[in-house]
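Please look at the sequence and the model shown here, and read the paragraphs that follow with both at hand.

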Amino acid sequence: MSELVPGGNLALPGGAVTVRVPGPFDVSALITDDGGKVRDDRDFVFYNQPFAPGARLSGDTLTVDPASLRPGATRVTVAVSPGEPGTPLSGLPAPVLQVADAGGRPLARFSPPRPRQEAVLLLAELYRRGEGWKLRALGQGYADGLAGLARDFGVDVEDDTAVPTGAAPAAPPPRPASPPRLATPPRPASPPRPTAAPSAAPSAAPSAGDGFLDLVNAARAAAGSPPVTHDARLAAAAREHADMMSRGSRLGVEGVDGVSVHQRVVAAGYRYLTVGEHLVSGPLTVSGFVDHCLRHDAARRTVCDPAFTHAALAGAGGGGFGDTYWTALWAGPLTPDGLDRTAGEVVDLTNRERARAGLPPLSRDPLLTTAAQAHSADMVTRDFYAHTAPDGSRPWDRAAAAGSTRRTIGENIACGQRSAAEVVQGWMNSPGHRANILETDFTHIGVGFAGGGRAGTYWTQLFGA
């Protein structure tokens, strides 16, 4: 493992790498071209937008697969800021960057000088050099916070009177104010399937057989989790995604056809409440794949997660080490009771935050729930992430269409979070979303959730007074 100093660099191996900054920090990343500017606001990965092609943020760990980054991307800049708003970096332990390869093998470590007045610290950048990628240690500070950093990289950041990404303002009747300028525009439709044939068809997929479930359920039993069963719909989605990764000779949440693994699951007919995935290249056998997952903490937690009831594994390729592409899918089905329970958890956690602030609880409102659920489902179906839908409808429009007569409406949205606790924590870490949750005038709430799309999960909170 290399110990880096500011300006030091290191050649990266092929495939995905993980960048972790443990401690009381928020990790974020900006995906840019050679000019150092984002293409649009979807290139900003942070706690409430944790997914972009080729990059996924989970807690304190950012996973980057250079081959899966959007076209034209040549650089990924990694930054940290305090996890608790208002806390200076100088009052926290010095951040330490830890970089590992796809197998978890440590590659580099970087400990920059302790920040002083800086509110955000650029830790490192991953950048293309010729046909490969390298890592450079930075250690550059920003005094004007994450917003200043984002502006310098070309992200569309609102002023203090506007609403940050994922939060919509309250709208008084009879005519709501003009909609806010969103930091995240609607996502475009999935690109068409390439018309050119691949240079070589993938070789026959390795057979998962019954051994996969035997190995997995043995590990789950040891962890005290119930067994999972095979699901043909998950298997079909896994086969298609493994095949697409093999055709493109790269791992990625999106295949060479521009379709994400989550979109494949829904298209196969499996509507899920919980989902997990493992995308791995290298192991030649099913037992080798399972052993790989169980040797890494994050992957093992997914394998043994008691929320999952179904699983499937598929592989494609098989021409030699590194040529086998595996897709494992884990899921729990969407049921009316499960959806109501998850929405109830979001409401309970929201009211817990209000109680800490000395505010009365919000009551669940069935009409706001209908509108919130419709918006989450719409974001999946029409492949966008925004408060303003492609047809121009806004939160207050959707509430009225559902029959609500609430005089004031506010909305929080989020995508990519895998649990009620994770999404509420993300909202509370964002000033705009936190303001909606702790708004004294709001009395009622509706919660929506939908699985699918590019990010995997889409959440909506709709508030009313």
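This is a predicted model: local features need pLDDT of at least 70, side-chain atom pairs count only at pLDDT 80 or more; totals for chains, interfaces and linings use all residues.

Residues are numbered from 1 along each chain as its sequence is written, and side-chain values use heavy atoms, with hydrogens and water left out.

The protein chain has eleven helices and 22 strands, where helices (H or I, at least four residues) and strands (E, at least two) are DSSP runs numbered from the N terminus. Of the 465 residues in the protein chain, 53% are buried; buried means under 20% relative accessible area, exposed means over 50%, and partly exposed lies in between, with a 1.4 Å probe and protein chains only. If contacts (heavy atoms within 4.5 Å) are taken between residues at least 6 apart in sequence, 72% of them join residues at least 24 apart.

E1 runs parallel to strand E11 (residues 106-110), to which three bridges join it, and Leu4 is found opposite Phe110 in E11.

The hairpin of E6 and E7 has two residues between the strands, and in it Gly54 takes a positive phi near 85°. E7 also pairs with strand E8 (residues 61-64), again in the antiparallel sense, over four bridges, and here Ser58 stands opposite Thr61 in E8. E7 and E8 likewise form a hairpin with two residues between them, in whose turn Gly59 has a positive phi of about 65°. In a regular strand the side chains alternate between the two faces of the sheet.

A further open sheet is made of four strands in the order E15-E17-E18-E16, and its pairing is mixed. Strand E15 (229-230) and strand E16 (272-281) are at the edges with a single partner strand each, so one side of each is left without a neighbour in the sheet. For E16 the partner is strand E18 (residues 324-333), which runs antiparallel to E16 and is joined to it by nine bridges; in E18, Trp330 is the bridge partner of Gly276. Helix H5 (residues 286-294) packs on this sheet, where it touches E16, strand E17 (310-317) and E18, and its direction makes about 110° with that of E16. Axes here are lines fitted to C-alpha atoms, for helices over the stretch in contact, and angles run from 0 to 180 degrees between N-to-C directions.

Thr309 lies in the loop between helix H6 (297-303) and E17, and at 33% relative accessibility Thr309 counts as partly exposed. Beyond its neighbours within four places in sequence, Thr309 is in contact with residues including Pro227, Val228, Tyr270 and Ala331. The C-alpha atoms of Thr309 and Thr274 are separated by 9.4 Å, although the two residues are 35 residues apart along the chain.

Among the helices, the axes of helix H7 (residues 336-356) and helix H10 (residues 420-428) come within 9 Å and cross at roughly 35°. Where the helices meet, the residues of H7 include Val346 and Leu349, and those of H10 include Val424 and Trp427.

Which residues do ring pairs link into a cluster? They are Phe44, Phe46 and Tyr47, where rings of Phe, Tyr and Trp (its six-membered ring) pair if their centres lie within 6.5 Å, and planes under 30 degrees apart count as stacked, over 60 as edge-to-face and the rest as tilted. By this rule the count comes to seven aromatic pairs. The rings of Phe44 and Phe46 have centres 4.9 Å apart and planes at 15°, so this pair is stacked. Phe44 is buried, at a relative accessible area of 8%, and Phe46 is buried at 9%.

Finally, Ser393 is placed in the loop between helix H8 (366-381) and helix H9 (395-401). Ser393 counts as buried at 16% relative accessibility, and touches His387, Thr388 and Arg398 when residues up to four places away in sequence are not counted.

Notes. Two strands pair if DSSP finds at least two bridges between them.
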